[in-house]
Amino acid sequence: MQRFQRHLTTVWGQWSNFTDTIWRPFLKSSAKSPAVLFVFLFFLFVGAFVSTRLLNTANLAGPTIAKISEKSRQRIGIPLNCSAYSPTRTCPANYPTTYNKQDDLDRPLLPTCPDYFRWIYEDLRPWAYTGISRDMVERAKRTANFRLVIVNGKAYVETFQKAFQTRDVFTLWGILQLLRKYPGRVPDLELMFDCVDWPVVLSKAYSGPDATTPPPLFRYCGDDSTLDIVFPDWSFWGWPETNIKPWEALLKELEEGNKKSKWVEREAYAYWKGNPVVAATRQDLLKCNVSDKQDWNARLYAQDWLKESKEGYKQSDLANQCIHRYKIYIEGSAWSVSEKYILACDSVTLIVKPHYYDFFTRGLVPMQHYWPIKDDDKCRSIKFAVDWGNSHKKKAKSIGKAASRFIQDDLKMEYVYDYMFHLLNEYAKLLKFKPSIPEKAVEFCSESMACTAEGIGKKFMMESMVKGPADSSPCTMPPSYNPSSLYSLIQKKTSLIEQVEMWQNKYWENQNKQP
Ligand SMILES: *[C@@H]1O[C@H](CO)[C@@H](O)[C@H](O)[C@H]1NC(C)=O
Ligand SMILES: *[C@@H]1O[C@H](CO)[C@@H](O)[C@H](O)[C@H]1NC(C)=O
C-alpha cells in the first residue's frame with residue numbers, strides 16, 4: 001500500500017464551468033453592436049427558412065424520412081434502469097446483442113485507425129505462431145488482479161486481489177462500456193489483468209533455445225525489456241481519488257483551456273508541477289529550478305499532495321497550467337497518466353527521455369509532437385530547448401499545436417474504445433481454446449457497477465457511460481509493420497533525438513567560448 005501511495009503522480013482538479021467563457025464575449029458584443037445582433041437574427045431567419053424547405057421536400061420523399069428516423073432511433077440511448085436491477089440484482093437481458101451488418105455496407109468509408117494501433121500486432125507478436133493456450137493464460141495469473149471472461153457479449157470477472165484505489169473498478173467499467181458500444185462484436189475471450197504500475201513479463205526469461213512461450217498479461221504500460229500487453233488505463237473513465245473526470249469531457253475543457261492565451265503571450269519558461277518523491281529522476285529534475293544563482297529556464301513546483309487531496313485538488317486546475325510556453329513531462333515510478341494532459345496543452349512538451357510506454361505514446365514523434373530532453377543532462381537540455389524555442393517561435397509553436405491535435409484527434413474517446421476493440425479482437429483470434437464462464441466468476445454489467453456505486457465514483461460512471469450501441473463501426477486497422485518498416489521508424493526517431501543532442505552540444509560549446 002505504502003509503495004503505491006508514494007507513486008501517485010501529478011494530479012489535477014476540475015475547473016470552472018467553461019460554457020460561461022464561451023457565451024460571455026458573444027453576449028457582450030451583441031449588446032454593444034446592433035450590427036452583430038442583426039447578423040444573428042438574419043441567420044436565424046435563413047436557418048428557419050432552410051429547415052422548413054428541407055422538411056417540405058422530405059415530406060415528398062418518403063424513403064429519406066425513413067432513413068433519417070432510423071438513424072435517429074439508433075442514436076437514442078439505452079439508459080440504465082436501476083429500479084429493474086436493484087430488487088433482483090440480475091443484469092438485464094434486453095440489451096442488444098447483435099448488430100446490423102447492413103450498416104457497414106451503407107457506410108463503406110470507415111476511417112483508418114491512427115498509426116499507433118499498429119503496435120497492437122507488435123504487442124501480440126510473441127503468440128503469433130504459437131497461439132494462446134489455456135495453460136499460458138493460467139501462468140499469467142501469478143500477478144493478476146482479475147480474470148476477465150467475455151462470453152456471448154457478457155462479462156464475467158474473477159477477482160484475485162483488489163487493485164489500488166479504483167483502478168480495477170474503472171478499468172472494468174471501461175470494458176463494460178465497450179460492450180455497450182459494440183454489442184455482438186466483441187468476441188468470446190479470456191484474459192488476465194494486472195493493475196500494478198510496472199511490467200513484469202521479462203522477455204529475457206522467454207528467449208533462448210529451450211524458451212517457453214510467455215504468459216499473456218494485460219496492464220497499463222510496458223518497456224523495452226518486457227512483453228506485457230498494454231491496455232488503456234482507468235483514468236479515461238475517471239479517477240475519483242484525485243478528482244480527474246472522464247476523458248471525453250476533460251478533453252473538451254482542455255481544448256477550451258488552450259484558447260485562454262496565445263502561445264507567444266505565455267511565460268517563456270518550462271513548467272513542471274508534480275510529486276518529486278516518487279522517483280529519483282524527478283528529484284534530479286528539481287535541481288534545474290531557478291534560484292538567485294542560476295536560471296535554466298525552468299520553473300518547477302512540488303505538489304503538496306496531502307494538502308491538495310484535502311482541498312479536493314482545486315489548486316491543480318488544468319487550465320491554469322497552460323500558461324507557459326513549455327511544459328515538462330517526466331515519468332514517475334512508471335509511466336504517468338499525466339502525459340496526455342500535458343500533451344493536450346498546446347505549449348511545447350519537453351519529454352525527459354522516458355523508459356516506459358503506454359498504448360498511445362508509441363505514436364509520438366520527436367520534433368513533431370515533442371522536444372526530447374536528455375535524462376542524464378536535464379538542466380542544460382532544458383535551457384537549450386527553451387532558448388531554441390524562443391528564437392524559433394513559429395516552429396516551437398507548431399510542435400505544441402501538433403501534440404494537442406494528436407491528443408484531440410487521435411486520442412479521442414472513440415479511438416480509445418476502438419483500440420480496446422481491435423486489441424481484444426486480435427487477442428481473441430489467437431486463443432486456442434473456447435472461453436467458458438469460470439465457476440468463481442461473477443457477471444458484471446453497467447447496472448451491477450453503477451447502480452451500487454456512490455458519490456463521485458457513481459457520478460463519473462454516469463458521465464462516462466456509453467449511451468447505447470454505436471451507429472458506426474470501429475475504425476479500420478492499419479496494416480502491421482514489417483521488420484524493415486518497423487526498423488526504419490525506430491531509426492527515424494533515434495536520429496531525430498540524436499540531431500537535437502548534436503545541436504545541444506554545439507550550443508553549449510558556443511556558450512562556453514563566451515567570456
Ligand atoms: C425500469 O424497469 C421497471 C421494472 O422492470 C419498469 O417498470 C420501468 O418501466 C423501467 N423504466 C424504464 C425507463 O425503462
Ligand atoms: C522553484 O523556484 C520557485 C521560484 O523561486 C519557487 O517558488 C518554487 O517553490 C521552487 N520549487 C521547488 C520545488 O523548490
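I start at the ligand: a polar side-chain atom of asparagine 81 sits 2.4 Å from an oxygen atom of ligand 1. Taken alone, ligand 1 exposes 360 Å², of which the protein buries 25% (areas by the Shrake-Rupley method, 1.4 Å probe). Around ligand 1 are Asn81, Ser83 and Ala84, counting residues with a heavy atom within 4 Å.

Some housekeeping. This is a predicted model, where local features need pLDDT of at least 70 and side-chain atom pairs count only at pLDDT 80 or more, while totals for chains, interfaces and linings use all residues. Residues are numbered from 1 along each chain as its sequence is written, chains are lettered from A and ligands numbered from 1 in the order in which they are written, and side-chain values use heavy atoms, without hydrogens and water.

On confidence, pLDDT is the predictor's per-residue score from 0 to 100. The chain has a mean of 85, and 81% of its residues reach 70 or more.

Now the disulfides, meaning cysteine sulfur pairs within 2.5 Å. The whole structure has five. In one of them, cysteine 113 bonds to cysteine 475 with the sulfurs 2.1 Å apart; at 105 degrees about the S-S bond, that link is right-handed. Both cysteine 113 and cysteine 475 are buried, that is, under 20% relative accessible area (1.4 Å probe, protein chains only).

Cysteine 288 joins cysteine 379, S to S 2.2 Å. Here the S-S torsion is about -85 degrees, so the disulfide is left-handed. Cysteine 288 and cysteine 379 are buried.

Technical notes: A polar contact is a pair of N or O atoms within 3.5 Å; within protein, one must be able to donate a hydrogen and the other to accept it, and residues adjacent in sequence count only if both atoms are side-chain atoms. Buried means under 20% relative accessible area, exposed over 50%, partly exposed in between (1.4 Å probe, protein chains only).
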